[in-house]
Every structure is written in C-alpha cells, then in structure tokens.
Amino acid sequence: MDLDRLAPDFELPDFDGHLHHLSHYRGKIVIVNFWSSECPHSERTDRSLMSTLVQWGEEVVLLPIASNRSESAEMVREVAKTRRLPRVLIDAEDVVANLYEAQTTPHAFVIDRAGILRYRGAVDDVAFRQRVATRFYVEEAVEALLENHSPALTESPAFGCTIVREI
C-alpha cells in the first residue's frame, strides 16, 4: 500500500454490528488505528489519541480496528467502553489488517479528507529504548492536514504488540 495514494476502502462492523465503510468518512481526516484490548501500547496511545480527538472536534474521526484473533468481541466491547472509545471495528478474519499490512497494535494510518493515505506507522516515538513519548507522529500528521499541509513525517516504524493472526 503506497503513501500519497487513495487508501483502500473497507467495510467492517463495530461491536454493535453497525457497518462502517472508510469511504463514508470522506471529507474528514481519518485515523485508522489497529488496536488491541490487551496490549499496553494500545492502552497508552488510546489516552493520547482520545485527548487530542476531543480538541480536533468533528473534522477528525478515529477508527480503531481490533484484528487480534485472541480477543473476544465481549472483551473488545468492555475495554473500549472503559477507555471511552466511541467505536471499535471488528476485523475478525484479519482482512483489513492484511490489506493495510498492519503488523502491530498500535499501527496507525492517517488519511486526508480526499481519502489519500498521508501517514503510516507509530502513534508516537516510544520504542524499546525510549519509554516516554517526546513526539506524537499521528498528532503531527493530523495537525498538518488540518492546516491543509502535507505531514513533514510520512512514515515511521510501528511499535507495539504483534497482531495475533492465528490461535
């Protein structure tokens, strides 16, 4: 999947069974974030994403996608509620994770108002040797797009827990 090209459309249900199509969010900036109810890195980045999402208002949509086969729908629902996520999409067969070549949770993709992929990779700069974030890559990308600029950084290595594709 190439940067600066139309992001592949997908259709996934949320934990209430409502279908969401990426293309239905055209006109908004979309953060597609591969997500886990068990991964501590997902929990950490949920906190930062949810606080900035409130500041951005209606112009930005967060689409967390649960692709871990080891996590039940009930677990996903309970953890999403605890973390105050408005929705989590269920990718039970890893179709979208494979389409987007997502490897970890979190693994973020920022898509502009026209549906073009503008950033992919880590939510922030936390890594094995750096435990505290000093840069927030997704936030930087969204802020640039809100100002009608391309993000300065378009790609970074994703860091987190490996997506569980088989159990």
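These legends walk through a few close-up views of a predicted model. Local features need pLDDT of at least 70 and side-chain atom pairs count only at pLDDT 80 or more, while totals for chains, interfaces and linings use all residues. Residues are numbered from 1 along each chain as its sequence is written, and side-chain values use heavy atoms, leaving out hydrogens and water.

**View A. The open sheet has 5 strands in the order E5-E4-E3-E7-E8.** Strands are DSSP runs of E, at least two residues, and helices are runs of H or I, at least four, numbered from the N terminus. Pairing in this sheet is mixed; two strands pair if DSSP finds at least two bridges between them. At the edges you will find E5 (89-90) and E8 (117-121), each pairing on one side only.

**View B. Strands E7 and E8 run antiparallel.** E7 (residues 107-111) joins E8 over 4 bridges.

**View C. Phenylalanine 34 meets tyrosine 100 in a tilted ring pair.** Rings of Phe, Tyr and Trp (its six-membered ring) pair if their centres lie within 6.5 Å; planes under 30 degrees apart are stacked, over 60 edge-to-face, and the rest tilted. Here the centres are 6.3 Å apart and the planes at 50°. Phenylalanine 34 sits in strand E3 and tyrosine 100 in the loop between helix H3 (95-99) and strand E6 (104-105), 66 residues apart.

**View D. Tyrosine 100 also pairs edge-to-face with phenylalanine 109.** Their centres are 5.2 Å apart, with 85° between the planes. Tyrosine 100 is buried at 2% relative accessibility, and phenylalanine 109 is buried at 1% (buried means under 20% relative accessible area, exposed over 50%, partly exposed in between, with a 1.4 Å probe and protein chains only). Ring pairs link Phe10, Phe34, Tyr100 and Phe109 into a cluster.
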